[in-house]
Amino acid sequence: MSPTLQDTTLAADVRRALQACGVDLTTLSGELEARSPLTGEVLTSLPATSDADVTVAIDNAHEAFKTWREVPAPVRGAVVKRWGELLTEHKEDLAVLVQAEAGKITSEALGEVQEMIDICDFAVGQSRMLYGKTMPSERPGHRLMETWHPLGVVGVISAFNFPVAVYSWNTALALACGDTVVWKPSGMVVLSAMGAHALLARAVADCGAPADIHQLVIADRQGGQLIVDDPRVALVSATGSGRMGREIGPRVAARFGRSLLELGGNNAAIITPSADLDLALRGIVFSAVGTAGQRCTTMRRLIVHESVVETLTDKLVQAYGTLNIGDPRDPATLVGPLVNKGSYDAMQQALRDAQDQGGTVLTGGNRVLAEEHPGAFYVEPAIVRMPAQTAIVQDETFAPILYVLTYTEFAEAIELQNGVPQGLSSAIFTNDQLEAERFLSSAGSDCGIANVNIGTSGAEIGGAFGGEKETGGGRESGSDSWKAYMRQATNTVNYSGELPLAQGVKFL
Ligand code: UN1
């Protein structure tokens, strides 16, 4: 392991990137601080959106909706197309911001912006495919059909770990579907949000669309609650912890609003005796260690057949020993920092709990580079062998800890895989087709994502993204997720000149 840090003027790079994205730097002063997990330094101060201005943002988005919903969908798609072009042009600039605030290595920061560009492409196509159905009417001279209409204001509440990509899944589709957007990003990644928002503002202006169709609010929990509780916000799409979802879900439901929740994951991979262990190794390391274990899709559990567990864990411990941990701007780095001290403390507590519950730490867990950067939290990713799926293994700790469990019978592996409260992503590594099919079947993995011979993270935007149980049940991104951003109407048109009633009812 060779921790590395290089000295660059991070704050200056961030200011340059913000400016390139179109952010007015003179607005950057105020009561909030934007900190970088790379060094712990304050990058800039900036103003918070007051509660009154959160309400104004909702007012504006609500007003703009009345115009936007009548703009033909393919014309709305043109705004998203332009946004995608600007994101392509400023991919590096936005990636600098994502890296500075979320701590991602360069390739992953660029990948995050690529994910935005991809969803823009998808949403542009979707803007010409907001298909309804027609179905045969049981009555003569009648047409029966379903049509899809814009829903209203969409409130997007996003998490620090994907500062801009998950927001863009929601926003690109919402705009194409005729909705307007009020976005509250995580307070830890506000500069990335400002960059993405400024690029969208340029796209909106370039296309002559109403300026108020998208609103950015830099607010705390209270500002978020204003969005959650406002009856004009037709859909609240929230990404974050189970605790957050438990609060938002009932509040939105109490006013009969819609919510789309993407909450915690506790993602596992099953490794069967026939698995290609070298392939599995690469898939596991990327999913368990990538983004320093701070993806919703991070692999947190390994369910390994007892016949291969020793070989696999030996290989894993060896691979973990070669990981470069340090400044994510260094091209050799694979593991950047945790986002803050809270994450580090949670990781240490989880490791203590795991040991109290019978676990053995096989590698990792220590803090590194603390002397160079007392305000930054770099850690060695940990692997912990557990005797059973104890309480700590059931928890999502947002840090790079991989718990290793063993199984004997295949059915036991599926039971362990499903035996946690969360249901986001899952994987199996096997060359046995029957096992793969059983894993994918209705009696197999209970997650929203189930993969074969690939890790739990790194999904493409084309498929629906989300999960079951305490993950919240929402589906974002590709496939037919667009329907969450629209309302459905069923229309019956009578051209018969008579008035026959359905179900053969006679009246008058
Ligand atoms: C998240 O962590 O909230 O599948 C999103 C992945 C990414 C998205 C993760 N495409 O890992």
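A salt bridge is taken here as a side-chain nitrogen of Lys or Arg within 4 Å of a carboxyl oxygen of Asp or Glu. Asp-327 and Arg-329 meet this rule through their side chains, with an N to O distance of 2.6 Å. The structure is a predicted model, in which local features need pLDDT of at least 70, side-chain atom pairs count only at pLDDT 80 or more, and totals for chains, interfaces and linings use all residues. Residues are numbered from 1 along each chain as its sequence is written, and side-chain values use heavy atoms, with hydrogens and water left out.

The salt-bridge count comes to 19. Asp-327 is buried, at 0%. Another pair consists of Glu-468 and Arg-475, 2.4 Å apart from N to O. Here Glu-468 is partly exposed at 33%, and Arg-475 is partly exposed at 24%. Through shared partners, salt bridges also join Arg-221, Asp-229, Glu-247 and Arg-251 into one network. Within this group, the side chains of Arg-251 and Asp-229 pair at 2.6 Å, N to O. Arg-251 lies in helix H9 (residues 242-254) and Asp-229 in helix H8 (residues 221-229), so the pair links distant parts of the chain, 22 residues apart. Helices (H or I, at least four residues) and strands (E, at least two) are DSSP runs, numbered from the N terminus. Arg-251 is partly exposed, at 29%. Asp-229 is partly exposed as well, at 35%.

Helix H3 covers residues 73-89. Its 17 residues should span 24 Å, and its end C-alpha atoms are 25 Å apart, which agrees. The expected span is 1.5 Å times one less than the number of residues. Buried positions of H3 are Ala-73, Arg-76, Gly-77, Val-79, Val-80, Trp-83, Gly-84, Leu-86 and Leu-87. These residues pack against several elements (contact means heavy atoms within 4.5 Å). Among them are helix H2 (51-68), helix H4 (91-102), helix H5 (106-126) and strand E4 (142-150). Helix H6 (165-176) and helix H7 (190-206) are packed against too.

Phe-377 sits in the loop between strand E13 (367-368) and strand E14 (378-379). Phe-377 is buried, at 7% relative accessibility. Neighbours within four places in sequence aside, Phe-377 is in contact with Pro-37, Pro-337, Leu-338, Asn-340, Lys-341, Tyr-344 and Arg-367.

A nonpolar surface patch is formed by Leu-499, Leu-501, Val-505, Phe-507 and Leu-508. Together they have about 650 Å² of accessible area, computed by the Shrake-Rupley method with a 1.4 Å probe, with only the protein chains shown counting as cover for residues. Patches are made of residues with over 30% relative accessible area and no salt bridge; like charges are joined within 9 Å, and nonpolar side chains (Val, Leu, Ile, Met, Phe, Trp, Tyr) within 5 Å. Leu-499 belongs to the segment after strand E23 (486-494). Leu-499 is exposed, at 68%.

The domain assignment gives domain 1 (10-263 + 472-488) and domain 2 (267-460). Such bounds come from an automatic or database domain assignment. The domain centres, taken over C-alpha atoms, are separated by 30 Å. Across the boundary, 21 residues of domain 1 are in contact with 25 residues of domain 2.

Notes:
Buried < 20%, exposed > 50% of the residue type's maximum accessible area, 1.4 Å probe, protein only.
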